[in-house]
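Please look over the sequence and the structure shown here before reading on.

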Amino acid sequence: MSTDTATLPVGRYAYDQVDRTFLSQRVAQFREQVNRRIAGDLSEDEFKPLRLMNGLYLQLHAYMLRVAVPYGMMGSDQMRALAHIARTYDRDYGHFTTRQNVQFNWIRLEDTPDILEHLARVNMHAIQTSGNCIRNVTCDEFAGAAADELLDPRIHAEILRQWSTLHPEFSFLPRKFKIAISGSPHDRVAARFHDIGLVARPGPQGRPVFDVFVGGGLGRTPIIGVQLRDNLPEEDLLAYLEAIVRVYNAYGRRDNMYKARIKILVQALGVEQFREKVDAEFALMNRADYRLDPAIVDGIRARFGIPDLVAPADAAQNLAADRRADPAFDRWVRTNTHPHRNDGFICAVVSVKPDGGIPGDVTADQMDLIADLADGWSFGEIRVTHMQNVVLGHVRKDRLRDLWHRLVAAGLGTPNIGLVGDIIACPGLDYCALANARSIPIAQKLSARFADPELQERIGRLNINISGCINACGHHHAGHIGILGVDKRGEEFFQLTLGGSAGNDVAIGQIIGPALPEDETVDAIARLIDTYLVLRQGDEQFIDTYRRLGAASFKDAVYAPA
Amino acid sequence: MGASLHVWRLFVPVTAYYACCLERIGSQVDVRNNRRDTTGASVITANRLLDGRTVWLTQQGWSEQIAHARIFDNADVEDAIKQAKATPDARKLVGIYGVQLDPSAAGISPLTMRERIRAFGPSVHPDFAPVEISHVH
């Protein structure tokens, strides 16, 4: 163990000198590649895979750099580095993505090596945020804090990160590959919508076991993943995942990119045949080489900082009194917090979705403020959520109101988590070279239309997801109301789906009817929500009413003449 | 650091596998954005290599303002694209292709929403609309 473990970062893995040397070499390597491209020694066709493997896309207006946030965890120093990049190299803002990463939309190629060097100084990079490789492993945003958690999944997320980073067999898969891991019985990671979804819990002798789901995904062909294995012992985690990805690598289609994801392979073979192939591969492997020994796991765990969760005995009572004293604060606590495993603490969700704002966009000043608040209230730890928000995971209950005041003053205190204003939206046609339609304006109009917090609470839990194309970065199939942008002869139309869910009640949203013109979409959704408010029974949530009544009850409202 | 699982440590530097990626590269230009009618007019566009900004072919070179773009009959634009790709300037650009114009627009405006956004900037940030900074030359 190196000597630099004195100040371990809370909630994430502490790099050592070997990690830092690697990143430094990688930056130097990319700097040389960029220089060769600018000098004309590399063509764009030769350079493109090199830049993509470093997270650099060419979008509609500029280069976009996608920075990895492993399992969504970062420290205040890293957030400040992102603020610096936003301020110095971009247009003063960044964008949190649905894979818990951060994107910058206005990057210059010639600046990119300097940006990566700056990231490396705070142990960040953009490796494998693009390309046909294993992407950033996503994780429960309340990991290590949630009251309902059985096992902190971040240790194994880090193990998977190290296993998958520059894995020599898996750097040229048929298509990209996404893994999510949760340690809670309540699925907050959309485990069954991933190429591999892992749900961990304590097993015999307290060692973790994993339920393994495979072949889920959204995109052009939305499919709910199937359970391939239950109670997978921790010691076999890497071997079993390696067997799965080997089978995919061997049999996945490379002739048609639209049929290249593992979900298509699982469907084509059938789950039983796929499982047979994985088991055969697993049986052939030298398991000793892959054995995840408890000492290895404990070694990784030892490089995670642990928060010192000490709170006054009356912290919870103080919070209760604060809530009684201030209805606006009480509303925010209802919507924007999550129970913590320690009764003196609570998880605070910072909404990055102000009324009428752009989902996931954060200014450089806001990034700096979030970093300051993390230092002051949550042990310097910050989590990016797949809902495009930010979590401060360990806030003392008696200090929550002070935090809320600071957030409100900075425009980060919108009480809308899980409500109609908490819209997931991809960058869409305003930025993305793949998009067919704009996602953000629809999100802004809906958010503004339903800005009233009382109305949002009355409507209740309602997930609206917007994707600007069939690639489904906005996870529209998983939304209670999904909105998909389509192109009809160069103009934008929007197709609605209803009934999707990414949680334990996982479901794929169903198309309700023909796509709507852009200028009719928001009104149609408003009518749909009005219809739900009329039809709901008691405390029913939107998804419950939809499941009870089906699509027909809503279709007339959507397609009513204006 | 006895607990290391770092595969990357075993494979640095890592460049060899990139070679096999090359065969996967598609054209920079999306076919759907290079469609045009047999009649009508088009302009020629690209992204600038150094900063990725959208630029338009003019009589003098390349401009960030579509208003300065040279207009071609659709019958002639394919030849013009070939010529543009053959010039030394092409080394400083990525993805040269043609964009059909909207004949009913008041000024020079692309027919598709995608190209209008490329031309005039993200609709959600009017403050980010393109401004003339420099030519490729």
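The report goes from the whole chain to a few of its parts.

## Basis of the report

This is a predicted model, in which local features need pLDDT of at least 70 and side-chain atom pairs count only at pLDDT 80 or more, while totals for chains, interfaces and linings use all residues. Residues are numbered from 1 along each chain as its sequence is written, chains are lettered from A and ligands numbered from 1 in the order in which they are written, and side-chain values use heavy atoms, with hydrogens and water left out.

## The chain as a whole

Chain A has 19 helices and 21 strands, where helices (H or I, at least four residues) and strands (E, at least two) are DSSP runs numbered from the N terminus. The radius of gyration of chain A, taken over C-alpha atoms, is 23 Å, close to the 24 Å that the globule rule gives for 562 residues, so chain A is as compact as a globular protein of that length. The globule rule is 2.2 Å times the number of residues to the power 0.38. Taken along the principal axes, the box filled by the C-alpha atoms of chain A is roughly 60 × 60 × 55 Å.

Of the 562 residues in chain A, 65% are buried, a word that stands for under 20% relative accessible area, with exposed for over 50% and partly exposed in between (1.4 Å probe, protein chains only). Among the contacts (heavy atoms within 4.5 Å) in chain A with a separation of 6 or more, 68% are between residues 24 or more positions apart.

## Two helices side by side

The axes of helix 1 (residues 17-39) and helix 4 (residues 112-121) of chain A come within 9 Å and cross at roughly 175°; axes are lines fitted to C-alpha atoms, for helices over the stretch in contact, and angles run from 0 to 180 degrees between N-to-C directions. Helix 1 of chain A is therefore roughly antiparallel to helix 4 of chain A, a description used for angles over 145 degrees. Helix 1 of chain A contributes residues including Phe30(A) and Arg31(A) to the contact, and helix 4 of chain A contributes residues including Leu116(A) and Glu117(A).

## A buried helix segment

In helix 7 (residues 262-269) of chain A, Ile262(A), Lys263(A), Ile264(A), Leu265(A) and Val266(A) are buried. Their cover includes strand 9 (208-214), strand 10 (226-233), helix 6 (237-251) and helix 8 (271-284) of chain A. Just after helix 7 of chain A comes Gly270(A), with a positive phi of about 90°.

## Residues in loops

Asn101(A) is found in the loop between strand 4 (93-96) and strand 5 (102-107) of chain A, and Asn101(A) is buried, with a relative accessible area of 3%. The side chains of Asn101(A) and Asn136(A) are joined by a polar contact of 3.1 Å, that is, a pair of N or O atoms within 3.5 Å, of which, within protein, one must be able to donate a hydrogen and the other to accept it, and residues adjacent in sequence count only if both atoms are side-chain atoms.

Most residues other than glycine have a negative phi. Tyr71(A), however, is not a glycine and has a positive phi of about 45°; Tyr71(A) lies in the loop between strand 2 (63-67) and strand 3 (73-75) of chain A, and counts as buried at 3% relative accessibility.

Methods. Angles under 35 degrees count as roughly parallel, over 145 as roughly antiparallel, 65 to 115 as roughly perpendicular and the rest as oblique.
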